[in-house]
Amino acid sequence: MSNDPTHQFLVNKIVPIEIGGIDFSFTNASLFMVATVGVAAGFLYLTTSQRGLIPTRMQSVSEMSYEFIASMLREGAGSHGMKFFPMVFSLFMFILTANLLGMFPYFFTVTSQIIVTFALAVFVIGTVILYGFYKHGLGFLKLFVPHGVPGVLLPLVVAIEIISFLSRPISLSVRLFANMLAGHITLKVFAGFVTSLSALGALGIGGAILPLIMTVAITGLEFLVCFLQAYVFAVLTCMYLNDAVHPGSH
Amino acid sequence: MFVTAAYAQSTTTEGEAHEPAAAGEVHTETGVAPEGEHGTGVFPPFDSTHFASQLLWLAITFGLFYLLMSKVIIPRIGGILETRHDRIAQDLDEASRLKGEADAAIASYEQELATAKAKGHSIADTAREAAKAKATADRTAVEADLAKKITAAETRIADIKSKALADVGAIAEETATAVVTQLIGGTVTKAEIAAAVKASAGN
């Protein structure tokens with residue numbers, strides 16, 4: 001059973017809690033959400049506690065992530081979009097830390113749960129819709145009516161725009177979830193080959209070298225994916241927020 | 001191979017840590033009751049039994065994280081960056097101010113240098129003019145003096161000459177008288193001799 005590649009995604013209760021007949025237990029997933037928040041916030045808090053005019057290495061990591069997200073949001077959604085900076089920054093840091101924590105053996109990957117990524121995606125799209133209507137009223141619906149489309153094609157284009165808008169939370173959440181899930185399963189499978197092949201004797205140990213190399217290589221790739229997916233999530237969030245800030249600009 | 005075989009059993013490991021069991025080992029104590037709280041065949045990430053708990057804890061943790069970020073971390077990092085930015089701008093201002101001062105100092109130095117040069121020139125000119133004037137005056141005085149001396153000398157020479165010439169007349173008269181007396185033996189009047197001398201002197 002230790003070789004079951006999906007075993008690592010199992011949610012286990014640690015402290016059973018039930019409110020109104022619904023299971024709100026503190027699970028290993030919850031534990032790692034807390035750990036993610038603790039690690040990310042702790043890192044950012046402690047590295048910047050000196051408030052050095054000349055940053056230390058760790059402080060410049062925090063500053064770089066700040067400026068990285070700030071410039072991403074400014075490019076994606078303009079200076080009006082900067083009011084969403086805390087949101088994008090939190091999302092990026094949370095997802096990045098959760099992804100990276102998941103790379104530790106025996107650690108639970110929070111972002112490999114579809115419900116978590118979907119909730120984050122709905123949070124983004126919900127923010128876009130609420131802010132769009134709050135700021136522009138019905139003018140927000142111009143988002144679905146691109147400029148310069150001939151009248152005959154307009155119903156079709158509007159339908160496509162609406163479908164693409166509605167598919168955003170799905171694509172946003174599935175992208176992150178599937179990447180983390182697939183990566184971890186692949187790692188587990190290749191690592192499983194190593195143990196099962198080496199159990200077969202001398203020949204097996206020789207044959208286990210190849211999957212071992214693959215495991216090392218894929219681990220490196222997974223670290224890249226961890227960062228990349230957090231980046232992609234943040235970039236797409238910026239683009240969607242741009243729709244809320246400037247509807248009808250595309 | 002081992003992937004699918006162990007799959008059904010794995011779904012019941014509630015509260016159990018990942019066990020590094022050897023490949024192919026059968027977990028008897030967990031294998032007996034595959035129908036746990038979850039549906040047996042559900043792929044764990046799609047297992048909806050824990051959705052409510054996940055959502056609640058995500059909302060709590062992410063909400064807390066968001067609050068921490070927006071209230072503490074972002075103002076702090078923003079403050080650090082702004083302080084640095086201000087400091088750099090301030091330093092640049094200071095540098096340009098100092099450069100301006102240096103430029104002004106250079107300009108005033110050059111001005112003073114030019115003034116001093118001009119002054120030096122004028123002093124030299126004055127001195128040269130003065131020297132020239134003095135030299136001219138001296139030369140004039142010396143020339144005047146010389147001219148006076150020359151005049152005096154000429155006067156004296158003329159005096160001496162005329163005196164000598166006068167003496168010459170007397171001598172010639174005496175000599176002529178003597179000569180005539182010696183040659184002719186007669187006497188010649190003084191007036192005749194004087195007239196003859198004067199006539200020869202006149203030649």
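In this predicted model, helices H3(A) and H7(A) cross in a right-handed sense. Their axes come within 8 Å, at a crossing angle of roughly 160°, which means that H3(A) runs roughly antiparallel to H7(A). On the H3(A) side the contact involves Val88(A), Leu91(A), Phe92(A), Ile95(A), Leu96(A), Asn99(A) and Leu100(A). Facing them in H7(A) are Cys226(A), Phe227(A), Gln229(A), Ala230(A), Phe233(A), Ala234(A), Thr237(A) and Cys238(A). By class, the residues of this contact are 12 nonpolar, three polar and no charged.

H3(A) also packs against a helix of the other chain. The axes of H3(A) and H4(B) are 9 Å apart and meet at an angle of about 120°, so H3(A) counts as oblique to H4(B). From H3(A), the contact uses Phe85(A), Pro86(A), Met87(A), Phe89(A), Ser90(A) and Phe94(A). H4(B) contributes Phe62(B), Phe65(B), Tyr66(B), Met69(B), Ser70(B) and Ile74(B). These residues divide into 10 nonpolar, two polar and no charged. The crossing of H3(A) and H4(B) is right-handed.

The spacing of such contact residues can be read against helix geometry. An α-helix has 3.6 residues a turn, so residues three or four places apart point the same way.

| Helix pair | Axis distance | Angle |
|---|---|---|
| H3(A) and H7(A) | within 8 Å | roughly 160° |
| H3(A) and H4(B) | 9 Å | about 120° |

Helix H4(A) covers residues 114-136 of chain A. The buried residues of H4(A) are Ile114(A), Ile115(A), Val116(A), Thr117(A), Phe118(A), Leu120(A), Ala121(A), Val124(A), Ile125(A), Val128(A) and Gly132(A). Within chain A, these buried residues pack against H3 (85-101), H5 (154-198) and H7 (209-245). They also pack against helix H4 (51-184) of chain B. Just after H4(A), Gly137(A) has a positive phi of about 60°.

Chain A contains seven helices and four strands, in the order β-β-β-β-α-α-α-α-α-α-α from the N terminus. Along the principal axes, the C-alpha atoms of chain A fill a box of roughly 70 × 55 × 45 Å. Of the 250 residues in chain A, 41% are buried. For chain A contacts between residues at least 6 apart in sequence, 64% join residues at least 24 apart.

Chain B has five helices and zero strands, and its elements run α-α-α-α-α from the N terminus. Buried residues account for 10% of the 203 residues in chain B. Of the chain B contacts between residues at least 6 apart in sequence, 32% join residues at least 24 apart.

Val42(B) lies in the loop between helix H3 (28-31) and H4 of chain B. Val42(B) counts as exposed because it has 12 C-beta neighbours inside 10 Å, and the cut-off for an exposed residue is 12 or fewer. Val42(B) is 17 residues from Ala59(B) in sequence, and their C-alpha atoms are 25 Å apart in space.

Notes:
Residues numbered from 1 in each chain as written. Chains lettered and ligands numbered in written order. Predicted model: local features only at pLDDT ≥ 70, side-chain atom pairs only at ≥ 80, totals over all residues. Helix = DSSP H or I, 4+ residues; strand = E, 2+ residues; numbered from the N terminus. Buried ≥ 20, exposed ≤ 12 C-beta atoms within 10 Å, placed from the backbone. Contact = placed C-beta atoms within 7 Å. Expected span 1.5 Å × (residues − 1). Axes fitted to C-alpha atoms, helices over the stretch in contact; angles between N-to-C directions. Parallel < 35°, antiparallel > 145°, perpendicular 65-115°, else oblique. Left-handed = near helix turned anticlockwise from the far one by under 90°. Nonpolar A, V, L, I, M, F, W, Y, C, P; charged D, E, K, R; others polar.
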